[in-house]
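Work through the two exercises below with the coordinates open, and try each task before reading its solution.

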Amino acid sequence: MNECCMSSDEIEKHRIHLEIEKQLRRDKRESQRELKLLLLGTGESGKSTFIKQMRIIHGSGYSEADRKGFTRLVFQNIVTAIQALIHAMKTLQIDYIDDKNISHAEKLSRVEADQVLSLESWQADAIRRVWNDHGVQRCYDRRREFQLSDSAKYYLSDLDRITAPIYVPTVQDILRVRVPTTGIIEYPFDLKVVVFRMVDVGGQRSERKKWIHCFEMVTSIIFLVALSEYDQVLYESANDNRLEESKALFRTIIGYPWFQESSIILFLNKTDLLEEKITRSHLADYFPAYQGPRGDAKAAKDFILKLYSQQHVGRQKPLYSHFTCATDTENIRVVFKAVKRTLLIDNLLNYNLE
């Protein structure tokens, strides 16, 4: 349009129109290089730990100030863990070997875990004594019979370091902190060629009704499975096996119409915990279809992978699977490099990522 024939108002409207068109083109280019990855799985499958690893590998990491911010959460995790063991001692009717620990346990039971800001010297001493009691160790060996965080032993076995006056949480301490995710949290990671927008959602049953709000325009689903949960029951229901719940959720998710064009990436997580557990807890006791050798971690992993791949039969897009240990940064670095390559190849034509 010839501006000499336009009024000042028309010129201004035309300028705004051109600016909007320019912004729309810019937004389109940006959206074409953004891949939305939806992290799904049941509670405690390792979704939030994976996000922390992405921050370490592809984000800004954790400064000393960031790490200090986790101190309170580490202390709260420790108190929650020892209280879970104390409660289980009563439920399982296990006696303390040292009777003095009965009074220590009673005092610790009265602490409000979510109000803990630091560990007082009497608390640190009582936790140490109770944890080292042989009766409590017997209770810990039966942990599949009650709800206990995977990080309990990690923290409780390292109290001298954690209760030191100059304590600052390490990256490994942060990776093992358990804070249930509520709601929907998005994390963008700019990897130059593309931006991965990862969406982390709460995995507990009560949180899943919120998932539908983030189902649109999903490039890929990363579904996490906790391999070690084959002999455990849900927090929400003592009658439901955790792995069966995960398998049912996976079947539901891949059946949704929103995800028929989305690639599915399966992370069979917590390989370290499975390898530790499989020597004393026989998979066939919980999944009778398992015909492999007792105590064989590889056979167990392959069997569990098959449980999920069977749910995927009939889908147009392939199922990409990886065995992972979300607390192992190097493992996640290698796995995500493979995932990134897969996603770039899958979306090369769709997103003009050349």
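**Exercise 1.** How much space lies in the largest pocket of this predicted model, and which residues are the closest to its centre?

*Solution.* Begin with the volume: the largest pocket holds about 740 Å³ of space. Its lining is made up of 38 residues, of which S48, T49, K52, L175 and V177 are the closest to the centre.

Next, assign the lining to secondary structure elements: at least two residues each are supplied by the helices α2 (47-58), α10 (171-176) and α12 (271-277), as well as by the strands β2 (184-190) and β3 (195-201). The largest share comes from α2, which gives six residues to the lining of the largest pocket.

**Exercise 2.** At what angle do helix α5 and helix α6 pack, and which residues make the contact?

*Solution.* First take the geometry: helix α5 (residues 100-109) and helix α6 (residues 121-132) pack at an angle of about 125 degrees, and their axes are 9 Å apart. Since angles from 65 to 115 degrees count as roughly perpendicular and those over 145 as roughly antiparallel, α5 and α6 are therefore oblique to each other. The handedness of the crossing of α5 and α6 is left-handed.

Then list the contact residues: α5 contributes N101, H104, A105, K107 and L108, while α6 contributes W122, Q123, A126, I127, R129 and V130. Divided by class, the contact of α5 with α6 comprises six nonpolar, three polar and two charged residues.

Notes. Residues are numbered from 1 along each chain as its sequence is written. This is a predicted model: local features need pLDDT of at least 70, side-chain atom pairs count only at pLDDT 80 or more; totals for chains, interfaces and linings use all residues. Side-chain values use heavy atoms; hydrogens and water are left out. On a 1 Å grid over the protein atoms alone, a cavity is a set of points where a 1.4 Å probe fits but cannot get out, and a pocket is an open set with protein on both sides within 12 Å along at least five of seven lines; lining residues have an atom within 4 Å of a point. Grid points are joined across faces, edges and corners, and a volume is the space filled by probe spheres set on the points. Helices (H or I, at least four residues) and strands (E, at least two) are DSSP runs, numbered from the N terminus. Axes are lines fitted to C-alpha atoms, for helices over the stretch in contact, and angles run from 0 to 180 degrees between N-to-C directions. Angles under 35 degrees count as roughly parallel, over 145 as roughly antiparallel, 65 to 115 as roughly perpendicular and the rest as oblique. A crossing is left-handed if the near helix is turned anticlockwise from the far one by less than a right angle, and right-handed if clockwise. Contact means heavy atoms within 4.5 Å. Ala, Val, Leu, Ile, Met, Phe, Trp, Tyr, Cys and Pro count as nonpolar, Asp, Glu, Lys and Arg as charged, and the others, Gly among them, as polar.
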